[in-house]
There are 2 protein chains.
Amino acid sequence: MPGEQVLRIIPLGGLGEIGKNMLLLEYGDAGMIIDAGIMFPESDMLGIDYIIPDFRYVIDRMAAGLVIHGIVITHGHEDHTGAIGHVLQWIDAPVYGTALTAGLLEGKMRLAGHSLDKLNVFRAGDVLELGPFSVETFHVCHSIPDAVGLGVNTPIGLIVHSSDFKFDHTPVDGWPPDFAKLADFSRRGVLALLADSTNAEQSGWTPSESTIEAAFNEVFRTAEGRIIVATFASLISRVQQVALVAQRYGRRLAVAGHSMTEYIKVATRLGYLSLPKDLLIPLDQVAKLSPDKVVIMATGSQGEPSAVLSRLAWGRHRQLEIMPGDTVIMSAHPIPGNEEFVHRTINKLFQRGAHVIYDPIAPVHVSGHASREELKLLINMIRPKFFIPVHGELRHLHQHSALAQEIGIPASNIAVVENGTELLLTPDSLTIGERVPGGYVFVDGTGVGDVGPIVMRDREILARDGFVTVVVVLERETGKLIGEPEIISRGFVFVRDANDLLEAAQALVEDVIATYANGDLTTVLQDALSKMFYNQTHRRPMVFAIVREV
Amino acid sequence: MPGEQVLRIIPLGGLGEIGKNMLLLEYGDAGMIIDAGIMFPESDMLGIDYIIPDFRYVIDRMAAGLVIHGIVITHGHEDHTGAIGHVLQWIDAPVYGTALTAGLLEGKMRLAGHSLDKLNVFRAGDVLELGPFSVETFHVCHSIPDAVGLGVNTPIGLIVHSSDFKFDHTPVDGWPPDFAKLADFSRRGVLALLADSTNAEQSGWTPSESTIEAAFNEVFRTAEGRIIVATFASLISRVQQVALVAQRYGRRLAVAGHSMTEYIKVATRLGYLSLPKDLLIPLDQVAKLSPDKVVIMATGSQGEPSAVLSRLAWGRHRQLEIMPGDTVIMSAHPIPGNEEFVHRTINKLFQRGAHVIYDPIAPVHVSGHASREELKLLINMIRPKFFIPVHGELRHLHQHSALAQEIGIPASNIAVVENGTELLLTPDSLTIGERVPGGYVFVDGTGVGDVGPIVMRDREILARDGFVTVVVVLERETGKLIGEPEIISRGFVFVRDANDLLEAAQALVEDVIATYANGDLTTVLQDALSKMFYNQTHRRPMVFAIVREV
């Protein structure tokens, strides 16, 4: 629609959080992308490694003339950075990030074989000129340093995007949110605000990062053995806090876990993390120190089976072992869906004699997202004409919308949409447009998008009841069986104890072959076996018959 | 150990909550069992219907002379009743429950083919004489009516078992906890207290059932369309509350969901639920009433895919459809592990235009378990010599133990054990004994215990990467292939788009057959294919080769 004064805002991706992994702004033939992240599979997405937004719409539009003037990454979390390799494979555009974000993007771009020439580093406060979009970046506090929000000056007006944020007056890095910039936007007039809805169900104000120090101090003051702190690999401020308390109580710090080591390396190199000299020790030196002289920071706060903490909990770590007297701090909240794994890990740690400390037992973690009072403050500071809740599941967006209405934004000036639905913004209106093609794409091994609903459905059936395959060889002329039917089964019954059932299956196959009159023998066999298995076991394995004639 | 004054207390079962599904008391050759329930499978227990405690230890002891004098069921929830059919198959003993509990046990016993002669109904306050155990039952409040705790007079002293409870001063059925009995126990002296640890991480006092009425009233007062209330099928008091508010606002009540209909039927017949005359309407009458004249109570508050609410959310219910203007109240908290399904259901309901109300958006549910201040009160009222936290995961037991220590129970008088570990109690000591044989048993279809670690492991692999089966027929004399190799694959790649890969597999098979010199051809083929598949896809499907010679 060139000519018309319409800005199209399109959150891309499928299920899950809206506008978080990838957001497209389109004005005529000019476009920009905000974030390029991945989603993590839900528990019933069997075998999937991760999920990327399906951005075929962008590719199609580019073929029709759309120019993407830049991809701005707001911060270094995987759900904002993780798809950069895939995106650059199809969308040739410069990438922008603050120093830490760019430092973390580098590795991903290198891995995917992209030139780092495309990567541009900016500082919060810088203005990025991306075609018709003049993007004023501003510092926000979040659970990773150097995160930014964006004030996008477009031909139809100023759009403010909070990205993930909280209003932390005492952040660990001493860098509070850029309230002055928000006030400045407000003064200039904001057409639309896009704001983080993650904690729109949480009343009150998210506590400052600094508030957890007291709880950490108390643990370090009283713990007699080793201390192990599990948190998100990217939670640099937590590393900083633990380092300071460790120094206070004369403990050395070791780091366990590849991803955390990587984050710490990048953050230290770029000056986001300042560790006292001689504080860090290699993990293999831990055993040489007295237990009360050491603290270990580890990954695995989400109970991920392959991360350090799970390996410790199940006794499968090569260098470390949980001992009675150890204190484990779970310095993270379970991400929804991970509760079961997290709780299991805590139980296992208790079982090995560790003392485990976690919220709500002690306030050892705070969220990186704004709660309801902060969300109200943001809206009232910005005073936007239109409001678009983003970064949350649909329920969070609805709660955020209700909150905005409570403080005076008319319902008609708010739009709640799901990923893949375009919003049409003009100086006078915000309307919900069409659905664009796309959704999400499963990545499984090296396969991008080849695992779809059919493979997934098969995996579900196999997961539930397994399969049975029967192979028979027949004499072509007589139709008689040569040798015995051969049966392979997995995930259905415990084969060693199911002789009777499998012999009955063999007999049934022989019987069917001897007596069947017409129809496709393969189908007849499969139906007969499925029925027999269900009658005997009330299970429905996949059943395959392979009939070869010779 | 007859002769010695030792009471053995053994929580039976495996993972999960301790002492909840089944608890054995043994004194010499006399025994009694408390509860006979099931566990629900965790998300990675693929295809499992439910889990029962492995009580082979009891059977072995009975063979050696142990007499089980009774099975006392404390209340009607599945995790206390659901295994009764399995238990009675092996353990011939009288079963005791209050009227509602017995009413719910009846169906299960009938289904499993057991005579109802074994079932004995008591009233809270009655004393059951079970061999050397004189069991004083006492009323407790919980999220199902007619729940009891037990004061077990044993030859070595009085043992009090709270079972699942909360201290509710204003329960919906008007029947507060039996504080007088607790005080009486205390006066007489309690050797050991076993107490519910479920909410040992929750500070404060669990709100009364009655407190949710205000939130319900507000919804009913303001809702303009239909109201749908989803809760646990067994939460009779919630049905009672909804019925009263419905009557107040002139709405008729329909019930959707087989299990809830059953609970309501039994509870009404036995007088635990008193519904105003003409309030109930059949579900198929709902469409004939104006939306503001109806409320529907439904199962599915845990997001279970086959329950009513999920079917509504996904548009798969035969009689009902969610319409814009509907208000859905999620009157339940997600049971840990169900969060993802519950949240997905809420998102889908919003997507269909419903207004969804849930805690913490509005206080429309309260827990049925005591929080920390109640737990302190119980301990201080009972003043036991020894303390045994039960009914919770290991972490809850540890928190409950810490809480007991805070209020003066010495750590040496507290024992935290997992299921399958015996506790030895004497008038002077509480010690942790041996592990007894057992654990838990998977029930899958009609199979009890046949699905074990090997089948489970196979299901995990199949769920992650599927399988590939190759069938080849060879000429016995020459070893040459007859016809082409046949390949079946599911859950690995999308077969229709994977021609190249499958043709490569066929070619590889032909090549291996043509060139292999020694070793087992089946193994050689499987190894070659596995390697090729991993190189091509980074996935590891199960690979089977079937070689037939003719």
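User: Hey, which strands does helix 15 of chain B lie across?

Analyst: In this predicted model, helix 15 of chain B, residues 521-537, lies across strand 23 and strand 25 of chain B. The helix runs at about 145° to strand 25 of chain B.

User: And helix 14 of chain B, what does that one lie across?

Analyst: Helix 14 of chain B (residues 499-515) lies across strand 23 and strand 24 of chain B. Its direction is at about 140° to strand 24 of chain B.

User: What's the strand order in that sheet?

Analyst: The order is 24-23-25 in chain B, an open sheet of 3 strands with mixed pairing. Strand 24 and strand 25 of chain B are at the edges with a single partner strand each, so one side of each has no neighbour in the sheet. On average, neighbouring strands here are turned by 15° against each other, direction ignored.

User: How many bridges join strand 23 to strand 25 of chain B, and do they run parallel or antiparallel?

Analyst: There are 8 bridges between strand 23 and strand 25 of chain B, and the two strands run parallel. For a specific pair, V473(B) has R548(B) in strand 25 of chain B as its bridge partner.

User: What does V524(B) touch?

Analyst: Leaving out residues up to four places away in sequence, V524(B) touches V512(B), Y516(B) and G519(B).

User: How many residues are in contact across the two chains?

Analyst: 60 residues of chain B contact 60 residues of chain A. The elements giving two or more residues to the chain B side include helix 10 (339-351), helix 12 (394-406) and helix 13 (453-465), along with strand 23, strand 24 and strand 25 of chain B. Helix 13 of chain B gives the most, with 8 residues. By class, that side of chain B has 24 nonpolar, 19 polar and 17 charged residues.

User: New topic! Which residues of helix 1 of chain B are buried?

Analyst: Y57(B), V58(B) and R61(B) are the buried residues of helix 1 (residues 56-63) of chain B. They sit on the same side of helix 1 of chain B because they cover an arc of only 100° around the axis.

User: What covers them?

Analyst: The cover for the buried residues of helix 1 of chain B includes strand 2 (23-27) and strand 5 (67-72) of chain B. Just after that helix, G65(B) has a positive phi of about 115°.

User: Last one, over in chain A: where is T206(A)?

Analyst: T206(A) is in the loop between strand 12 (192-196) and helix 6 (212-222) of chain A. T206(A) counts as buried, with 22 C-beta neighbours inside 10 Å. Beyond residues up to four places away in sequence, T206(A) touches several others, among them K166(A), N199(A), H369(A) and E374(A).

Key: Residues are numbered from 1 along each chain as its sequence is written. Chains are lettered from A and ligands numbered from 1 in the order in which they are written. This is a predicted model: local features need pLDDT of at least 70, side-chain atom pairs count only at pLDDT 80 or more; totals for chains, interfaces and linings use all residues. A residue is buried if 20 or more other C-beta atoms lie within 10 Å of its own, exposed if 12 or fewer, and partly exposed in between; C-beta atoms are placed from the backbone. Helices (H or I, at least four residues) and strands (E, at least two) are DSSP runs, numbered from the N terminus. The arc is that of the directions from the helix axis to the C-beta atoms. Two residues are in contact if their C-beta atoms, placed from the backbone, lie within 7 Å. Ala, Val, Leu, Ile, Met, Phe, Trp, Tyr, Cys and Pro count as nonpolar, Asp, Glu, Lys and Arg as charged, and the others, Gly among them, as polar. Two strands pair if DSSP finds at least two bridges between them. Axes are lines fitted to C-alpha atoms, for helices over the stretch in contact, and angles run from 0 to 180 degrees between N-to-C directions.
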